[in-house]
Amino acid sequence: MGCLGSQEVRLGDLNTAGGAKDGPAKQADKDNLSRAETEVVSLQRLLELRSHEALEARRSERLWRERVEAFEGAVEQQKEDTLDITSDMMRQYKIMQDQMSKKIATLEAETRSLKQTIQDKDSEVAKLLGERDGVKRACDSEVAEYQRRMEDMQVEFTQMLRETLDKVRVSRDARARVTSLPAELQRGSYCAAGRQQLATSLERSAD
């Protein structure tokens, strides 16, 4: 703008200096001056336009720089947030992994303990079943022995009953024979030797 002002001053000096001349030269100087003034005005307008465009460019550049800086800040913040989230997730994952490992170890220990308990119970059950089978066999043997003894006792009792009935029948027959003896024998008129002989014969008949 200062250069253009000096050019306008010089053009004004030329106009003043040219005013002293007349004729075609003066007209030519006026035309040149007019063209020069037109060019100066055009250059001034162009300079103003370029200055305005430069200002707008600087403003746009500043805005874009601010946006880029804001974007870079947002990206950095996002990176930090992402890193924090990732770190937190990794920490939680390690904690959960440790907890799951401990829980798995505990469950495996409980499983082994339960398996051992089941094996012990199976052994106890097998032992009890063996003892039960032994007791059952002993009971069956004892019952069979009792049955055999009862059968033997039944046979002996039957034999004894038969013998007793036979003795009762023989005794009854002997009494019947005594009843049928003569009256003298019943009154005791025979001697003692005869009575003794009769008693002996009756005992033999009873046996």
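Student: In which helix is E76 found?

Tutor: In this predicted model, E76 is found in helix α2, which covers residues 24-179.

Student: Is E76 buried or exposed, or does it fall in between?

Tutor: The general idea is that a residue is called buried under 20% relative accessible area and exposed over 50%, with partly exposed as the class in between. E76 has a relative accessible area of 41%, and it is therefore placed in the partly exposed class.

Student: What percentage of the residues of the chain count as buried?

Tutor: Of the 207 residues, 5% count as buried. The accessible surface of the chain comes to about 17800 Å², and carbon and sulfur atoms account for 58% of that surface.

Student: Which residues gather with E76 in a patch of negative charge?

Tutor: For a charged patch, the general idea is to take residues with over 30% relative accessible area and no salt bridge, and to join like charges within 9 Å. Here E66, E69, E72, E76, E80, D81 and D84 gather on the surface in such a patch of negative charge. With a relative accessible area of 41%, E76 is over the 30% cut-off, so the accessibility condition is met for this residue.

Student: Which residues make the nonpolar surface patch, and what is its area?

Tutor: L43, L46 and L49 make a nonpolar surface patch of about 250 Å². L43 lies in helix α2, and, at 47% relative accessibility, this leucine counts as partly exposed.

Student: How many salt bridges does the structure hold, and how should I read one?

Tutor: The general idea is a distance test, in which a side-chain nitrogen of Lys or Arg lies within 4 Å of a carboxyl oxygen of Asp or Glu. The structure holds 11 salt bridges. One of them joins R59 to E56, with the closest N and O atoms 2.6 Å apart; these two residues both lie in helix α2, three residues apart, which is about one turn of the helix. R59 counts as partly exposed at 36% relative accessibility, and E56 is also partly exposed, with a relative accessible area of 32%.

Student: How many residues apart are R169 and D166, and what separation along the helix does that give?

Tutor: R169 and D166 are three residues apart in helix α2, and they are therefore separated by about one helical turn. These residues form a salt bridge whose closest N and O atoms are 2.5 Å apart. R169 counts as partly exposed at 38% relative accessibility, while D166, with a relative accessible area of 30%, is partly exposed as well.

Student: Which residue forms a salt bridge with D152, and which residues are linked in a network of salt bridges?

Tutor: D152 forms a salt bridge with R148, the closest N and O atoms being 3.1 Å apart. Both residues lie in helix α2, four residues apart, or about one turn of the helix. D152 counts as partly exposed at 35% relative accessibility, and R148 is partly exposed with a relative accessible area of 41%.

How values were computed:
Residues numbered from 1 in each chain as written. Predicted model: local features only at pLDDT ≥ 70, side-chain atom pairs only at ≥ 80, totals over all residues. Heavy atoms only, no water. Patch = residues over 30% accessible without salt bridge, like charges linked within 9 Å, V, L, I, M, F, W, Y side chains within 5 Å. Areas by Shrake-Rupley, 256 points an atom, 1.4 Å probe, with all protein chains shown as cover. Lys, Arg positive; Asp, Glu negative; His and termini not counted. Charge placed at Lys NZ, Arg CZ, Asp CG, Glu CD. Buried < 20%, exposed > 50% of the residue type's maximum accessible area, 1.4 Å probe, protein only.
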